[in-house]
Amino acid sequence: MDLNVVQNSLLIALLLAIEGSLVGVFLLVRRYSLLADALAHFSLVGAALGVFFGFSSLLGGVFAALTGGVILEALRYKENAFTDANLALISAGGLSLALIIASLRGEVWQSLGQYLFGSILFAGEKELIWAVITFLGVLLFLMFYSRHLLLLSVDPAGAKSQGIKVRFNEFFLIILATIVVSFGIQAVGALLTGAFLVLPALIGIELARSFTGLIFWAVTVGLFMAVAGIIFTFFLNLPPGATIVATGVLIYILVVSGKKLGKRGN
Amino acid sequence: MGLIVKNLSVTYGGEPVLEDINFSLKEGDFLLVLGKNGAGKSTLLKAIVGEIPYSGMIKTFNHKIGYVAQKIPGTIRFPVTVEELVLAGTLKGKPKLSYSKEDREVAVEALKATNLLNKRKKLLGNLSGGELRRAFIARALAGKADLLLLDEPTSGLDQMSREELYQVLNTFFREDTIILMVTHDPKEIKILGNKVLHIDKKALYFGDKDGYLAGEERELGFECCPE
């Protein structure tokens, strides 16, 4: 195994865990948690096209996810909400289109498995650079706008009256989510990226006593999930996405039952 | 200065919701906006905030508007403390890296004014209905509002929570502030405010509260028996 690849993959996984959990928190509180799933499925189209025509499947995935994001945003603007129907349309539409493209050529079909289920050993230097850039993008945006997004989630009318631009904030959040998702599918796979983003936030909600606490717990849990998942992957040769997400689900169950038992104890 | 509303009309999908509303307020005015359901009370506030398009003129001069909508979320399923919400009231459209010392001081004042200082670390999801309302009003006050727009702030509250809220409003209300409050509780006319605007798409009455109360029977007659 090439040590550089392992190192890069680990680093990317950690960066992804942090930015994924951060974006996940805001997707969850804005009630967009299914958005990540829909975008992940749609970005498969780009990944498949990339393999089919021989260009970078990562860039193909990013581009397709962005297209999906823009379509969803346009539909949402028309109907004033992400409806189940819109999300299902993008999700199923993307997956089926990707499968059709893949079935046209054997090599695409073979590599599609990696995008459906993820692979921790996908990373070269180019991917690492991209991961660092998106990481900084997420960090910068949230450092300056996380409070605006919080207020938009709790008191949208009040936020608007304070001059907070709804469209601007939501659009950037969706763009960032899109880019994080496109990376996520490389490591975790399209089927589980949504859970990878949202699970840390879900667990954070159970543990935190403030919004700042929620962000802290989500990132901590996200990192723990990624590290634990990667260890299982290396030593037991299991698929990374499945082990990372399964670790998260296990933590969630433990936390929720722990809280129930604690309440009964009181 | 003050607030001037001139020839204000609003239509939703071709239907008129507000027609030719005219009134003006000066500092020290506390206006109660009355009218039955669908009379356009909330629409009037939304137009002043700039949330909806309208024709006519609304001038708010240099006033800082604090707006609390009628619909506030019943349950907030993620952890946000009262303090975090109220601090967010200091935000403008601009990006913000961290809250300044002044922001924190204004937030503490807003928490004091709404009687929530000792509950600032509590989660919004654990507040009573009345406390949640007051937290949202504190959020509006934290923007250093001196023109406060409240849309039925007492709806759904029990008597004790109402009285606490009346106290908060009467404390906030000063010579240099303007309050517009939508209500459909006739009892509140006697407790709060000094001016009345009664609308049913058009303005039926605008003037001093005392004048409105003196002609109460005529006005209520209008409300109870349209056509």
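This tour visits one helix of chain A and then two helix pairs, one in chain A and one in chain B, in a predicted model.

**First stop: α5 of chain A**

Select residues 106–117 of chain A, which form helix α5. The helix has 12 residues and reaches 18 Å from its first C-alpha to its last, close to the expected 16 Å. Display the side chains of A:Val108, A:Ser111, A:Leu112, A:Tyr115 and A:Leu116, which are buried. Viewed down the axis of α5(A), the buried residues fall within an arc of 160 degrees, so they line one face of the helix. Just after α5(A), select A:Gly118, where phi is positive at about 85 degrees.

**Second stop: α2 and α8 of chain A**

Keep α2(A) and α8(A) in view: their axes are 9 Å apart and their packing angle is about 55 degrees. That angle makes α2(A) oblique to α8(A). The crossing of α2(A) past α8(A) is right-handed. To inspect the contact, select A:Leu35, A:Ala36, A:Leu39, A:Ala40 and A:Ser43 in α2(A), which meet A:Ile174, A:Thr178, A:Val181 and A:Ile185 in α8(A).

Move to chain B and select helix α4 (residues 129–141) with helix α5 (residues 159–172), which pack at about 15 degrees with their axes 9 Å apart. α4(B) and α5(B) are therefore roughly parallel to each other. Here too, α4(B) passes α5(B) in a right-handed crossing. On α4(B), the contact is made by B:Gly130, B:Arg134, B:Ile137 and B:Leu141; on α5(B), by B:Ser161, B:Glu164, B:Leu165, B:Val168 and B:Phe172.

Technical notes:
Residues are numbered from 1 along each chain as its sequence is written. Chains are lettered from A and ligands numbered from 1 in the order in which they are written. This is a predicted model: local features need pLDDT of at least 70, side-chain atom pairs count only at pLDDT 80 or more; totals for chains, interfaces and linings use all residues. Side-chain values use heavy atoms; hydrogens and water are left out. Helices (H or I, at least four residues) and strands (E, at least two) are DSSP runs, numbered from the N terminus. The expected span of a helix is 1.5 Å times one less than its number of residues. Buried means under 20% relative accessible area, exposed over 50%, partly exposed in between (1.4 Å probe, protein chains only). The arc is that of the directions from the helix axis to the C-beta atoms. Axes are lines fitted to C-alpha atoms, for helices over the stretch in contact, and angles run from 0 to 180 degrees between N-to-C directions. Angles under 35 degrees count as roughly parallel, over 145 as roughly antiparallel, 65 to 115 as roughly perpendicular and the rest as oblique. A crossing is left-handed if the near helix is turned anticlockwise from the far one by less than a right angle, and right-handed if clockwise. Contact means heavy atoms within 4.5 Å.
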